[in-house]
Amino acid sequence: MCGIFGCVIKDGQAVRLITDGLKRLEYRGYDSIGVATIVDGGLHVRKDKGKLEEVVEGLRINEMEGTIGMGHTRWATHGAPSRVNAHPHIDGSGNIALIHNGVIENYMELKDELIEKGHIFVSRTDTEVIPHLIEEELTSDIGMKGAILRVLRRLKGSYAVVVLSTHEPDRVYCARHESPLVIGVSDNGAFCASDVPAMLPYTNQVSYLRNGEMAVLTLDGYEVVKVIDGSLVERNLEEITWSLEMAEKQGYTHFMLKEIYEQPESLRDGLRLQEQYLNLLTQFLDRGKDVFLTAAGTSYHSCLAASYIFSKLSRLTTIPVVSSEFIERYGSTVGIDSVVLAVSQSGETYDTLKAIDHARMRAATVLGITNTVGSTLTRVSRAYLIQQSGPEIGVAATKTFTSQVIVLSQMALRLAKQKGKLSQDELDEFEEKLTLIPSWVEDTIQSNSGYIEALAEKYQDDKLFLFLGRGISAATALEGRLKLLEITYVPSLAYPAGESKHGPISVIEDGVACIFICPRGDTHPNIIGSIMEMKARGARIISICEEGDEEVKRLSDDFIEMPRGIPEELSPVPYVVPLQLLAYHLAVLKELDPDMPRNLAKSVTVP
Ligand code: F6R
């Protein structure tokens, strides 16, 4: 996830608007900054890694001239934060500059093709291929618009791009596919940005580009065309009535809610992993005599879910362990034959770094999954994958869990393929189901959010909640309970449902709320038994079950229905979403700020 901003304006300096816009886009990324303008027919670019203020001041960006320009604030996915990897990226001739938010899946093959033709690349990004492809297309004399359209048709993956070129120094080209982009118009000119708040001080007349559309911005306004055939699209502007504060959260009342709703998009990005690193990590995993999965908090719950997935799909035994316990528990057994996969959104959690320091000292192979390229975890890991969910501002992790689980699931499937542990049919089926996860999450949010809000009202005065699930759903239960605990402070328990009769059942009395996670699958018959045990003792049952699961619905006081066909092995991703929403609405009803829960920090970098 990155923030992009472009404009062409009649009076004044474009750069002041660009840096101001980037400031409001920093929530989308903040590891590098870059700006490009065109003055007297020449392209000017300044960029570097670092925070906005530092780079703007250090490179004196606000002194740049120009009435047309664009800026980018980066959250690295391909290539660590550095000056060369920062956007804008330039073609070989130095006449085309481009900024990008998204992931180009086929960049390796495009890059190889361009290298064959003599193009020289300076960065490790996926983005840099795009200006070079445009340069290549321009040799066939089809003009900027034709060249950009041809290139966009070749890109696989997600993108929102802005292009400036000295060939047409009065035009900003911008386009999108599965990454957000909005255009805006005022008496003073035209704008494009990743979202509305970036341009709201200058205009409230905007239009959201749709997938597969390109816009051309000039001082006279804008034109929108379809990428597929260049045909004109009629698009009216709409008026935004949000305040600036509302707009920063895109109309959501809290970042946590915004991030819950962002999950279909972040999951789509999480499916766009770099093949070579996915292969590398799974090859390392395969070589381990012992495979440990270590993490803290939500990231530990991702590891717990993954241990079931590795076992079921790849027939690999993994040992999930909270990182603060790793040294005491496995410090003397971890060794040269061990693989330790550390999972950390921030890549900076003290306990996790301590655990892998110890593992490295004992010559184990350390691998990482993180959201933060350039973090300590990426520097010390032998190989790592990026979860690609973009910055998460709400202290309670939401996108983090779902993205990490989708990344870990892809590793498990890849390993199953490499080791021949699943039949071709099973592999095809799981691969297809993985691609459906983002839309299942979308459907879950769309069809249940109103109902969950009402459910929160009904249960807002409850003093205790139990979260129960069997098999992999025990991990979902733990994560749902962590959300509730973190932001509502309501005491709650989470257990593997089968274990509940060995203790937790003692807290059940008339009316205690028991939340059961009941996807279809191997554990379904057993969960029915667990529900009956609790119901017989007076518990109120809230279940999360598949649409049409009459057996569970009959036993439940309230139920949240999930889309059909979700395999149990992949269920934590969609099934956790109602729990995130329930915790969120309960916190709001209790007049608590879900974005800033008491005593908690987003990244725990101390012992
Ligand atoms: C839970 C939460 C924390 C983090 C934990 C690990 O909502 O945010 O429990 O999951 O502090 O953080 P990372 O993943 O950065 O290592």
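This report describes the domains, the ligand shell and a few individual residues of a predicted model.

## Basis of the model

Because the model is predicted, local features need pLDDT of at least 70 and side-chain atom pairs count only at pLDDT 80 or more, whereas totals for chains, interfaces and linings use all residues. Residues are numbered from 1 along each chain as its sequence is written, and side-chain values use heavy atoms, with hydrogens and water left out.

## Domains

The chain is assigned domain 1 (3-246), domain 2 (253-422) and domain 3 (443-592), with bounds that come from an automatic or database domain assignment. The centres of domain 2 and domain 3, taken over C-alpha atoms, are separated by 26 Å. To the contact between them, domain 2 gives 26 residues and domain 3 gives 23 residues, where contact means heavy atoms within 4.5 Å.

## The ligand and its shell

Around the ligand there are 14 residues, of which S299, S344, Q345, S346 and T349 come nearest; a residue is near a molecule if one of its heavy atoms lies within 4 Å of it. Domain 2 and domain 3 each give at least three residues to this shell, and helices α10 (297-314) and α16 (473-488) each supply at least two. Helices here are DSSP runs (H or I, at least four residues) and strands likewise (E, at least two), numbered from the N terminus. By class, the shell holds five nonpolar, seven polar and two charged residues, with Ala, Val, Leu, Ile, Met, Phe, Trp, Tyr, Cys and Pro counted as nonpolar, Asp, Glu, Lys and Arg as charged, and the others, Gly among them, as polar.

Oxygen atoms of the ligand lie 3.0 Å from a backbone N or O atom of T298, 3.1 Å from a backbone N or O atom of V395, and 2.9 Å from an N or O atom in the side chain of K483. On its own the ligand has 400 Å² of accessible area, and the protein covers 92% of it; such areas come from the Shrake-Rupley method with a 1.4 Å probe, and for residues only the protein chains shown count as cover.

## K483 in helix α16

K483, which lies in helix α16, counts as buried because its relative accessibility is 0%; buried means under 20% relative accessible area, exposed over 50%, and partly exposed in between (1.4 Å probe, protein chains only). The side chains of K483 and E479 are joined by a polar contact of 2.7 Å, that is, a pair of N or O atoms within 3.5 Å, where within protein one must be able to donate a hydrogen and the other to accept it, and residues adjacent in sequence count only if both atoms are side-chain atoms. Leaving out residues up to four places away in sequence, K483 touches M256, T298, A396, A397, T398, Q580 and A583.

## Two further lysines

K535 lies in helix α17 (residues 524-536) and is counted as partly exposed because its relative accessibility is 34%. Beyond its neighbours within four places in sequence, K535 is in contact with I541, L555 and D557. K23, in helix α1 (residues 14-23), is also partly exposed, at 37% relative accessibility, and touches L52 and E53 when residues up to four places away in sequence are not counted.

## Backbone features in loops

The peptide bond from H87 to P88 is cis, with omega near 0°, and P88 sits in the loop between β4 (68-74) and β5 (89-90). Although not a glycine, R315 has a positive phi of about 50°; R315 is placed in the loop between α10 and β17 (319-322).
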